[in-house]
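Thanks for asking me to look at this one with you. Have the model open as you read, and take the points in order.

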Amino acid sequence: MTDTRLETIIGNLLRAGVMLAAALVFGGGVWYLAEHGGAEVSYGRFTDPGGLRALFQLSAPQVLILAGLLVLIATPVARVVFSLAAFALERDWQYVALTAIVLGVLVYSITAGI
Amino acid sequence: MTVAAFSAVVFAVSAAAGFLGSLTGLGGGVVVTPALTLLGVELHYAMGASLVSVIATSSGAAAAYVKEGFSNVRAGMFLEIATTIGAVVGAHLTGVMPARALQALFGGVLLYTAWQALARRGERRGKPPDPLAERLQLNGTYPEEGERVPYRVARVKAGFSLMFGAGLISGLLGIGSGAMKVIAMDQIMGFPFKVSTTTSNFMIGVTAAASAGIYLGHGYVQPGLAMPVMLGVLAGSLAGGRRLPGAGTQALRFLFAAAVGVLAAEMLYNSIAGGAR
């Protein structure tokens, strides 16, 4: 039963995370359209951004959108962290280990990207 | 087209994809990417925007799914080892695979999705329970008419392997690959269908997050493009609710299959004709 209750709390936290992300993206989007709405779109050709340097070329509203996207990407990661804590509370060391592997892969992906 | 007009069109298309995706239970991510390429967006940018929207629908629906008591947290976590590793491999491969190969693969996945939308699900046959499932605590119960019905899981290794494939496709194409995850759980491992769909929903978000870091590093995620896609898919899927496919949605499934079929043809045509932008 505590399992379900904990899952409910986690589920609600995730939804709050998505809503926060959506609010940031929406706010950044309105700002972005106000500043760049009249420009021509240019997603037709892929240009290698050359790593992190690309982030410094983003305008302020784009950075706000990106912040929202990062909050969004963090929500499933947070879910895994919460699950790890929950399994530790239950003293289910087998699943603490299995969850740690998943978390390790996620941390690798984030660090490999940056 | 101006950024404002383009954003409005992309929002509308993404909302329609999210709406149909949630009504049919097949997810909208797989439709967003080819729709964006039709609008002239380069494939990798489209994949980046789609991947982000996949996370939004997965995490957004988590609270509602948990309340129903179907999802199997341990099974999800165990299988996520396979899907996240697959996703990381797939996301890395996008950097070296030619766009035409990705388009061809995408076309194949779309054709399969269209077929999935039309196919009637067959009865699960009884498979011998796997002792490994006992050791990994994968067996569980699900609610039915006020009671908890126990189930036992089969073919753990085969299911785990297929999950690696699902993760690989997810990372390669920037989609959730929920249909493949459901098949691995439902058809291969013998999880009850509703346990498979709800648990798969959890796994989609974690799997996509495993690709997201690498996609960001490769510059696939363009904030200006991801903005209308994420907001559109989220709004569409919230409006669509999470109704399971039933008799009333038969016409919608047909519509969805037709749309996916057209997009599959477009992807395959681009791949062959070299129309890659």
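What percentage of the contacts in chain A between residues at least 6 apart in sequence join residues at least 24 apart?

1. The figure is 71% for chain A, among contacts between residues at least 6 apart in sequence; contact here means heavy atoms within 4.5 Å. Please keep in mind that this is a predicted model, where local features need pLDDT of at least 70, side-chain atom pairs count only at pLDDT 80 or more, and totals for chains, interfaces and linings use all residues. Residues are numbered from 1 along each chain as its sequence is written, chains are lettered from A and ligands numbered from 1 in the order in which they are written, and side-chain values use heavy atoms, with hydrogens and water left out.

2. Chain A has three helices and zero strands, taken as DSSP runs (helices H or I, at least four residues; strands E, at least two) numbered from the N terminus. Of its 114 residues, 39% count as buried, that is, under 20% relative accessible area with a 1.4 Å probe, protein chains only.

3. A:Ser109 counts as buried because its relative accessibility is 0%. Beyond neighbours within four places in sequence, A:Ser109 contacts B:Val88, B:Ala209, B:Ala210, B:Ser211, B:Gly213 and B:Ile214.

4. Now the interface itself: 59 residues of chain B are in contact with 59 residues of chain A. The two chains bury about 4,900 Å² between them, with 74% of it on carbon and sulfur atoms; buried area is the accessible area (1.4 Å probe) lost on putting two parts together, summed over both. On the chain B side, B:Val3, B:Arg74 and B:Met77 lose the most area to chain A, together 13% of what that side buries.

5. B:Arg74 turns up again in a salt bridge with A:Asp92 (2.8 Å, N to O).

6. Finally, look at the largest nonpolar core, which has 100 residues. Such a core is a set of buried Ala, Val, Leu, Ile, Met, Phe, Trp, Tyr and Cys residues joined through side-chain atoms within 4.5 Å. B:Leu36, B:Leu138 and B:Met230 have the most contacts inside this core. Leaving out residues up to four places away in sequence, B:Met230 touches residues of both chains, including A:Ala21, A:Leu72, B:Val52 and B:Ala56.

Methods. Buried < 20%, exposed > 50% of the residue type's maximum accessible area, 1.4 Å probe, protein only. Salt bridge = Lys/Arg side-chain N within 4 Å of Asp/Glu carboxyl O.
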